[in-house]
Amino acid sequence: MSEEVEGTRISEEQQEMEDKVISPEKEEEAKLKARYPNLGAKPGGSDFLRKRLQKGQKYFDSGDYNMAKAKMKNKQLPSAPTEKTEITGDHIPTPQDLPQRKTSIVASKLAG
Amino acid sequence: MAGPGGGSSDVQWCFSQVKGAIDDDVAEADIISTVEFNHTGELLATGDKGGRVVIFQQEPESKNQPQCRGEYNVYSTFQSHEPEFDYLKSLEIEEKINKIRWLPQKNAAQFLLSTNDKTIKLWKISERDKRPEGYNLKEEDGRYRDPNTVTSLRVPVFRPMDLMVEASPRRVFANAHTYHINSISVNSDCETYLSADDLRINLWHLEITDRSFNIVDIKPANMEELTEVITAAEFHPNQCNTFVYSSSKGTIRMCDMRASALCDKHAKLFEEPEDPNNRSFFSEIISSISDVKFSHSGRYMMTRDYLSVKIWDLNMETRPVETYQVHEYLRSKLCSLYENDCIFDKFECCWNGNDSVVMTGSYNNFFRMFDRGYRQDMTLEASRENSKPRSVLKPRKVSTGGKRKKDEISVDSLDFNKKILHTAWHPLDNIIAVATTNNLYIFQEKLN
């Protein structure tokens, strides 16, 4: 009985190595963790969902807006966001950067 | 052997038409965001990121060319939605048309629902081919005549004029969604429809715009506890009390509106058990369902997740009855697909008229068809290179192994910017509409 347990323990390591070979998904996961060590421990969960729900939100509140404006005075361009976990922060554009939201008065090219 | 809409083993697909600009420089507004045939297949609607709708109408089959079915030409085009800014919530509201759904035709006019992230609109598309002439008090150009100059009376008559197609917004269903609308679905009762956002589903009556009933609410009391969102929803094609909604966790819930006013408790939960040993960081992301569609028969439903298409028997909740791999070779590319955000692409799927074949898009402007009966699959490409009229499309193949055969394309050469997210199948015939980024391709079955 105990022999079997020991056997299992040793093969667990083997299993892990085998997993990396057998499962391409786990291999990809290892690659990702190597590139982004700070990636949240909670996979796929709240971060993505919250980002999705906040789509389109320009300013969290007026404090956010004023912070962004203040940062604009110091920097020329806002830094391009690469952080996968950031939801809101100093990469929010200011009114000067927002493109003019006008309707496309031009007809669709599909109708051309 | 093959009936109408029959197995793909017998059907050869030919290029028919392509709509849109040829140039590679794509304006964001021109990105096609939805494609939908109406119930007879005579009309084909597209929506784009610029909030515009273009409707094509099929020409009647001509006696000169009995070999091919009618071509689709522009019937009507209009600006459905405009960009807005919600100042209270500091929220930019895109004008992009997320979905278009046609109403079954009841009279001479056609009606469709179009929606962006926040507002649904009912559009009436009507034809005018006569105009009144011979008014007593008005000149032909519209100027009013001085009544004192009228010496005799005549009866105005209707005279034929060049066909004019007018689109007018008949209803605006607004302010009912806090989150972004992903689906709309017309009930088989033709009186009500549902709209679904990330956390809630609302039921509307087509005549009533100032009221909407909330029928599903999955918003947790504490948003920190949020674990899944609604990704798609659809009414059953003939049971007016039944609808389904899919989630970002790969589950589908079927609800019965007769059971209670708020359908938070599902009648059925469709979920395929996951092997815990295979779980990875990507598991949940790729299991997120991007589209759910009932079969025309109402017996099955199809779901699309990142790598596969699954067919479910509504009588069996434990697992799908069929699973088709769309592009399994991407499983070993998930890391880069996560980095370039492609892993979040939302592909749609559709059934053919008799539910024997299903279709979905992929990358590199490839799209895939799965014949359920013959158990065959086919990969085709929508490209300008294969756009000679009535030229038969050659099946494409992605090489997965080390050796790449001639005519095959390797996974690393795939263009991930060329995605086919939206496809539609004519309800009766073998005619398909496939949208690349900014072009609409129409393919037809080769008829001899």
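Biologist: If a disulfide is taken as a pair of cysteine sulfur atoms within 2.5 Å, how many disulfides does a search of the whole structure find over all chains?

Modeller: This is a predicted model, and the search of the whole structure finds 0 disulfides over all chains. B:C190, for example, is in no disulfide, and the nearest cysteine sulfur, that of B:C240, is 10 Å away.

Biologist: And B:C240, how far is its sulfur from the closest cysteine sulfur?

Modeller: The closest cysteine sulfur to that of B:C240 is the one in B:C190, and because the separation is 10 Å, the two are too far apart for a bond. As for accessibility, B:C190 counts as partly exposed at 22% relative accessibility, and B:C240 also counts as partly exposed, at 39%.

Biologist: Switching to the interface, how many residues does the contact take from chain A and from chain B?

Modeller: Chain A contributes 35 residues to the contact and chain B contributes 63 residues. The size of an interface is often given as the accessible area lost when the parts come together. Between chain A and chain B the buried area is about 4300 Å², and carbon and sulfur atoms give 56% of that area.

Biologist: What is the count of salt bridges between chain A and chain B?

Modeller: There are 4 salt bridges between chain A and chain B. In one salt bridge the side chains of A:E25 and B:R331 meet, with N to O at 2.3 Å.

Biologist: On chain A, which elements give two or more residues to the side that touches chain B?

Modeller: Those elements are α2 (24-35) and α3 (46-53) of chain A. The most is given by α2(A), with 8 residues. Sorted by class, the side of chain A that touches chain B has 14 nonpolar, 8 polar and 13 charged residues.

Biologist: How many salt bridges does a search of the whole structure find?

Modeller: Over all chains, the search finds 36 salt bridges. In one of them the side chains of B:R69 and B:D429 meet, at 3.5 Å from N to O. B:R69 lies in the loop between β4 (52-58) and β5 (72-79) of chain B and B:D429 in the loop between β30 (422-425) and β31 (431-435) of chain B, so this pair ties together parts that are 360 residues apart in sequence.

Biologist: Are those two, B:R69 and B:D429, buried or partly exposed?

Modeller: B:R69 counts as buried at 15% relative accessibility, whereas B:D429 counts as partly exposed at 24%.

Biologist: Which residue forms a salt bridge with B:E272?

Modeller: B:E272 pairs with B:K310, the closest N and O atoms being 2.8 Å apart. This pair links distant parts of the chain, 38 residues apart, since B:E272 is in the loop between β19 (268-270) and α1 (283-287) of chain B and B:K310 is in strand β22 (residues 308-313) of chain B. B:E272 counts as partly exposed at 33% relative accessibility, while B:K310 counts as buried at 17%.

Biologist: And B:D313, which side chain does its own meet in a salt bridge?

Modeller: The side chain of B:D313 meets that of B:R299 in a salt bridge, with N to O at 2.9 Å. B:D313 is in strand β22 of chain B and B:R299 is in the loop between β20 (291-294) and β21 (300-304) of chain B, so that the pair links distant parts of the chain that are 14 residues apart. B:D313 is buried, with a relative accessible area of 10%, whereas B:R299 is partly exposed, with 42%. Separately, A:K109, B:D30, B:D48 and B:R52 are joined into one network by salt bridges that share partners.

Biologist: What about the backbone, what phi does B:D341 have?

Modeller: B:D341 has a positive phi of about 70° although it is not a glycine. Most residues other than glycine have a negative phi. B:D341 is found in the loop between α2 (334-339) and β24 (349-351) of chain B, and at 38% relative accessibility B:D341 counts as partly exposed. Another non-glycine residue, B:R390, has a positive phi of about 65°, and its place is in the loop between β27 (376-381) and β28 (397-399) of chain B.

Biologist: Last one, which strand does B:S185 lie in?

Modeller: B:S185 lies in strand β12 (residues 183-186) of chain B and counts as buried at 5% relative accessibility. A polar atom of the side chain of B:S185 lies 2.8 Å from the backbone nitrogen of B:F235.

Methods:
Residues numbered from 1 in each chain as written. Chains lettered and ligands numbered in written order. Predicted model: local features only at pLDDT ≥ 70, side-chain atom pairs only at ≥ 80, totals over all residues. Heavy atoms only, no water. Contact = heavy atoms within 4.5 Å. Buried area = accessible area lost by both parts, 1.4 Å probe. Helix = DSSP H or I, 4+ residues; strand = E, 2+ residues; numbered from the N terminus. Nonpolar A, V, L, I, M, F, W, Y, C, P; charged D, E, K, R; others polar. Buried < 20%, exposed > 50% of the residue type's maximum accessible area, 1.4 Å probe, protein only. Polar contact = N/O pair within 3.5 Å; in protein donor to acceptor, adjacent residues only side chain to side chain. Disulfide = S-S within 2.5 Å.
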